[in-house]
Amino acid sequence: MTEPLALYIHWPFCAAKCPYCDFNSHVRDSIDEARFAAALRRELAHEAARMGRRPLASIFFGGGTPSLMSPDTVAALIADARALFDAAPDIEITLEANPTSVEIGRLAAFRAAGVNRASLGVQSLEAEALRFLGRRHDVREAIAALEAARTIFPRLSFDLIYARPGQAEAAWRAELKRALALAADHLSLYQLTIEAGTQFATLHARGDFALPEGDDAARLYHATAEEAARFGLLPYEVSNYARPGAESRHNLAYWRYGDYLGIGPGAHQRLLSDGGMVATRRHRAPEEWALRVERHGHAAVEQEVLTPQDRAREALLMGLRLAEGVDPARIAARSGLPFAQAVDPAMLAALLDEGYLAWTPAGRLRATTEGIVRLDALLPVLLR
Ligand SMILES: C[S@@+](CC[C@H](N)C(=O)[O-])C[C@H]1O[C@@H](n2cnc3c(N)ncnc32)[C@H](O)[C@@H]1O
Ligand code: SF4
């Protein structure tokens, strides 16, 4: 119960909506930043008052585009979090930033505000791909942002999207090698997915483009791991690669099913207490969220005490994404359900037998390389 907290803070605005993105992000002609900053601070204070002082291991400013926030807002939220909780001496404070020139100019101010890890949304190092992905930066800006961020932040990660239409393995290996040469200690490498309700969903449905699938996607995935390993970056989660020790502690808290607090529009939260595991979701629409916080101190729209079955399912869904896999004793402790009851024993035996899952010598269950690329298909049959 005294697990350190991970704190997520959502900034829901972007300069433009990317055609592939279904995150809770909105474009507005003008944003009343003072209002949203005050509402974020109020919701944070409200939650902290309810749960009391706890150790705080990480803060993550995500979005949307949090690099569009003013550094003063970021500084105020960090100061509040430090005042309300017991920040670990090595607290990890990450901010997602888009690599446009405006934002590059603010990186030093974010560092001064207390951010010690930047995550840049580079997405591609190819001009044509950046255009296809509807990005507002070009390759030159992406590289300038990476070079600036490397000198400013002790820790740095960036995102790339691959398995794009028509992307050949050799071309991806070449692009990735260029990226790895620029990389610091962490990379997030996502295969492009088509999300319902996005512009890409419409274009894809009408046949404007197709994505690499099945064996082609699996080949790209294996090529990715191979190239990253040459640079000492190991996959510790399906899409995340790090030098040992440089894993994102904040994201590990989600995958290990730890306690996390989520502040801001649409943010999710999981907190375990005597009353069980409470899942909270906040209103997604920015203005309605702010209004509710102004009226009630918070904008939670759903608060549900999860059943042991729900908890075991969530813990396994998250944990089997990790290279380290899951510890059955932890699944039981976090869910209240014995591990043997959380999975279908016949399916577990079959998946172990077919080599998609394996037990480690330390008694953890993990997905094998073959299992990882089929995780989305395996999990529903494994879980009860
Ligand atoms: C919240 S978004 C990024 C934050 C920041 N606004 C940006 O665009 O750089 C987190 C990451 O998810 C990835 N992403 C979003 N939608 C995706 C999709 N449909 N397929 C693959 N990756 C996606 C992108 O790499 C993106 O950087
Ligand atoms: S990918 Fe980033 S910049 Fe693009 S719409 Fe999504 S959150 Fe905004």
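This is a predicted model: local features need pLDDT of at least 70, side-chain atom pairs count only at pLDDT 80 or more; totals for chains, interfaces and linings use all residues.
Helices here are DSSP runs of H or I with at least four residues, numbered from the N terminus.

**Cavity**
- The structure holds 1 cavity of 30 Å³ or more, and the volume of this largest cavity is about 40 Å³.
- Gln309, Ala312, Arg313, Leu337, Gln341, Ala342 and Arg384 form the lining of the largest cavity.
- Helix 12 and helix 14 (339–342) each supply at least two residues of that lining, and helix 12 gives the most, with 3 residues.

**Helix 17**
- In helix 17 (residues 375–382), the buried residues are Leu375, Leu378, Leu379 and Leu382; they cover an arc of only 100 degrees around the axis, which puts them on the same side of the helix.
- An α-helix has 3.6 residues a turn, so residues three or four places apart point the same way.
- The exposed residues Asp376, Ala377 and Pro380 are carried by the face of helix 17 that is turned away from its buried side.
- The packing partners of the buried residues of helix 17 are helix 12 (308–319), helix 15 (345–353), strand 13 (357–359), strand 14 (365–367) and helix 16 (369–372).

- Glu141, which lies in helix 6 (residues 139–152), is buried yet has no salt bridge, and the nearest side chain of opposite charge, that of Arg140, is 5.2 Å away.
- Not counting residues up to four places away in sequence, Glu141 touches Pro99, Thr100, Ser101, Ile104 and Arg136.
- Arg140 forms a salt bridge with Asp138, with the closest N and O atoms 4.0 Å apart; Arg140 counts as exposed at 61% relative accessibility, whereas Asp138 is partly exposed at 33%.

**Salt bridges between separate parts of the chain**
- The count of salt bridges comes to 32.
- Arg53 and Asp86 form a salt bridge in which the closest N and O atoms are 2.8 Å apart; because Arg53 lies in the loop between helix 1 (33–51) and strand 2 (55–63) and Asp86 in strand 3 (residues 86–97), the pair ties together parts that are 33 residues apart in sequence.
- The side chains of Arg364 and Glu324 also meet in a salt bridge, at 3.6 Å from N to O, and this pair links distant parts of the chain, with Arg364 in the loop between strand 13 and strand 14 and Glu324 in the loop between helix 12 and helix 13 (328–335), 40 residues apart.
- A network of salt bridges links Glu3, Arg54, Asp259, Arg330 and Arg334.

Notes: Residues are numbered from 1 along each chain as its sequence is written. Chains are lettered from A and ligands numbered from 1 in the order in which they are written. Side-chain values use heavy atoms; hydrogens and water are left out. Buried means under 20% relative accessible area, exposed over 50%, partly exposed in between (1.4 Å probe, protein chains only). Lys and Arg count as positive and Asp and Glu as negative; His and the chain ends are not counted. Contact means heavy atoms within 4.5 Å. The arc is that of the directions from the helix axis to the C-beta atoms. On a 1 Å grid over the protein atoms alone, a cavity is a set of points where a 1.4 Å probe fits but cannot get out, and a pocket is an open set with protein on both sides within 12 Å along at least five of seven lines; lining residues have an atom within 4 Å of a point. Grid points are joined across faces, edges and corners, and a volume is the space filled by probe spheres set on the points.
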